[in-house]
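Visitor: Could you take me through this structure, one topic at a time?

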Amino acid sequence: MRTQVAIVGAGPAGLLLSHLLRIQGIDCVVVEMRSREYCENRVRAGVLEQGTVDTLNEAGLGERMRNEGLVHHGIELLFDRRRHRIDMSKLTGGRAITVYGQHEVVRDLIAAADTHHHKLYFDVTDVSLHDVKTDHPSVRYTHDGVEHTIECDYVAGCDGFHGISRQAIPADVLRTYERVYPYAWLGILADAAPSCDELVYAHHERGFALFSMRSPTVTRLYLQCQPDENLDAWSDDRIWNELETRFENDVGWKPTRGKITQKSVTPMRSFVTEPMQYGRLFLAGDAAHIVPPTGAKGMNLAVADVRMLSRALAARYNESRDDLLDRYSADCLERVWRAEHFSYFMTNMLHPSFDDTPFVNRLKMSELKYVSSSEAAARALAENYVGLPFAPEPRVLGKAA
Ligand code: RFL
Ligand code: PHB
C-alpha cells in the first residue's frame, strides 16, 4: 500500500490529523492496535480549550459538541472550607472552556472517517517503523494474520505514551525530561446530576479532590490517592464519604451521590521528548509529552500539535515549502513547555504532599490565597487554563502572512 502520510494511533491526535490532512487533499492511512469499540469508549479527558473547540468547528466536526458540550465561563477553587470562583471569561476577554468527553470527540472523528471512507485500520499488531531517516520511510503491521507494508512520504507517531514511534528516534538524539509525582488520582464516573454548574478543584489536608461532569446526568469525580492504590479497598461508600470530607465547605455544598459506573487509578507524570521530529518521523500528542491532568491540557496539546503538523504538511504538498516542517518541533515545544509549567504549577498548588515539609504545604496555601484574591494572579491562571491563542496563521495555501 502507498500513501502520503502513515499515521500510527487512533487517539484524538491520529484521528484529527487524518481528518485535517484529508480536507487539504493529502492522502493518509491510520493504523491502531486497539478495537474500534475500545477507542470509542475509553473515558479520559473532559475539558476542551477554546482553541480546541475552534479547531474542531473549523474542521466541520463540531455539530454534536455544540449541541451537547457544556460551555463553562469559570472554575472554583475550594480550600479552608470556602469556595473561590475564578471568572475565566471576564479575565480573558471572553474565552471559555467546553466540557465534552474525549471519547465523544473520538466518536465524532471515527464517524467522520466512516462518512468520508478514510483508511483507518483497527486491531492491528506488530507495528514497526522503518527508514524514517530516508526519503522512503515505511510502516509495517499485521492485520487479520496478514503482514502489510505502508510505503509513505512521512510518518506521524500519534501512538500515545506507551507507543513504539518514539523508540524509532536514536537514543543519542532523543532527550527526555521527566517528573513523576508521589500521588495519583482515583477517578469515578457516577450516574448523578452535577450539583454545581462549574468544575471545583479542592485542596484539603487529606488530599486533593476534583468535581467535574460529562453531561447533565453524569458526574465525574477524582480523589488524590497513592500511586499504587488498591481499587478493591475503595467501596462506593468509602469513595463518597471521602469525597464529601474533602469538599467540606461553609455553605454545605456537596456532590450528589449516584451509581458509580466506572473506577480507575491514573498516575501523575510530566514528560517531554525533544526533538519531536527525526528525519521523516513526526511525533504528536502523548507520544511526545505527558502532563498531569490537573491543568486539563493533555488532549488540548495533542490537538495543537496536529493542527501545526497538518499545516506544515499542507505547506509541503501544496506549496513545496519545507520550512514549517523543519521547525515543527521547535514551534510545538513552545506551547508544550508552557502547558507543562502550568500543569506542574496547578498540580503542586492543589495537592498537599505528605512527603513535603510543613513549610512547602504552607507555600501551597499561600499560592491558593494569592490566585483567589489578586486579579493579576487569577488572570495568569485563567489565561493558561482556557488556553493560549494559536500563533497567527503561518503562510500556507498561497496566502501571504
Ligand atoms: P492516546 O489517546 O493515548 O492515543 C494513542 C493511540 O495509539 C494507540 N497505540 C498504537 N497503535 C498502533 N500501534 C501501536 N504500537 C500503538 N501503541 C499505542 C493507542 O491504542 C491509542 O489509541 O494519545 P493522543 O491521541 O496523543 O491523545 C492524548 C490524550 O488522550 C491525553 O493527553 C488526555 O486524555 C489527557 N487528559 C486530559 N487532557 C485534556 O486535555 N483535558 C482533560 O481534562 C484531561 N483529563 C486526561 C484527563 C487523561 C487522563 N488519563 C486517564 C490519563 C484525565 C485523565 C484521568
Ligand atoms: C475531567 O473532567 O475528566 C477533568 C476535568 C478537569 C481536569 C482533569 C480532568 O483538570
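Visitor: What kind of model is it, and how are residues numbered?
Guide: This is a predicted model, in which local features need pLDDT of at least 70 and side-chain atom pairs count only at pLDDT 80 or more, while totals for chains, interfaces and linings use all residues. Residues are numbered from 1 along each chain as its sequence is written, chains are lettered from A and ligands numbered from 1 in the order in which they are written, and side-chain values use heavy atoms, with hydrogens and water left out.

Visitor: How many aromatic pairs are there?
Guide: The count is 15 aromatic pairs. Rings of Phe, Tyr and Trp (its six-membered ring) pair if their centres lie within 6.5 Å; planes under 30 degrees apart are stacked, those over 60 are edge-to-face, and the rest are tilted. Phe 342 and Phe 345 form a tilted pair, with 6.3 Å centre to centre and 40° between the planes.

Visitor: Is Phe 342 buried or exposed?
Guide: Phe 342 is buried, at 2% relative accessibility, and Phe 345 is buried with a relative accessible area of 18%. Buried means under 20% relative accessible area, exposed over 50%, and partly exposed in between (1.4 Å probe, protein chains only).

Visitor: Which residues form one aromatic cluster with them?
Guide: The cluster consists of Trp 185, Tyr 201, Phe 208, Tyr 222, Phe 342, Phe 345 and Tyr 385. Over the ring of Tyr 385 sits the charged end of Lys 297, 5.7 Å from the ring centre. Likewise, the charged end of Arg 238 sits over the ring of Trp 234, 3.7 Å from its centre. A charge sits over a ring if NZ of Lys or CZ of Arg is within 6 Å of the ring centre and within 35 degrees of the ring normal.

Visitor: Turning to cysteines, how many disulfides are there?
Guide: The count is zero disulfides, a disulfide being a pair of cysteine sulfur atoms within 2.5 Å.

Visitor: Which residues touch the most other members of the largest nonpolar core?
Guide: Val 5 and Ile 7 do, in a core of 71 residues. Helix 8 (residues 298-319) gives the most to this core, with 10 residues. A second, separate core of 54 residues includes Ile 97, Trp 185, Leu 221 and Val 371. A nonpolar core is a set of buried Ala, Val, Leu, Ile, Met, Phe, Trp, Tyr and Cys residues joined through side-chain atoms within 4.5 Å.

Visitor: And helix 7, which of its residues are buried?
Guide: In helix 7 (residues 236-246), the buried residues are Ile 239, Trp 240, Glu 242, Leu 243 and Arg 246. Seen down the helix axis, they fall within an arc of 165°, so they line one face of helix 7. The arc is that of the directions from the helix axis to the C-beta atoms.

Visitor: What covers the buried residues of helix 7?
Guide: The cover includes strand 13 (175-191), strand 14 (200-202), strand 15 (209-215), strand 16 (218-225) and strand 17 (259-274).

Visitor: What is Thr 273 in contact with?
Guide: Thr 273 lies in strand 17 and is buried, with a relative accessible area of 0%. Leaving aside neighbours within four places in sequence, its contacts (heavy atoms within 4.5 Å) include Arg 166, Leu 174, Leu 283 and Leu 333.

Visitor: Where is there a cis peptide bond?
Guide: A cis peptide bond joins Glu 274 and Pro 275, with omega about -5°. Pro 275 is in the loop between strand 17 and strand 18 (277-278).

Visitor: Last topic: what is the phi of Asp 126?
Guide: Asp 126 has a positive phi of about 50°, although it is not a glycine. Asp 126 is in strand 9 (residues 125-130) and is exposed, at 58% relative accessibility.

Note on methods:
Helix = DSSP H or I, 4+ residues; strand = E, 2+ residues; numbered from the N terminus.
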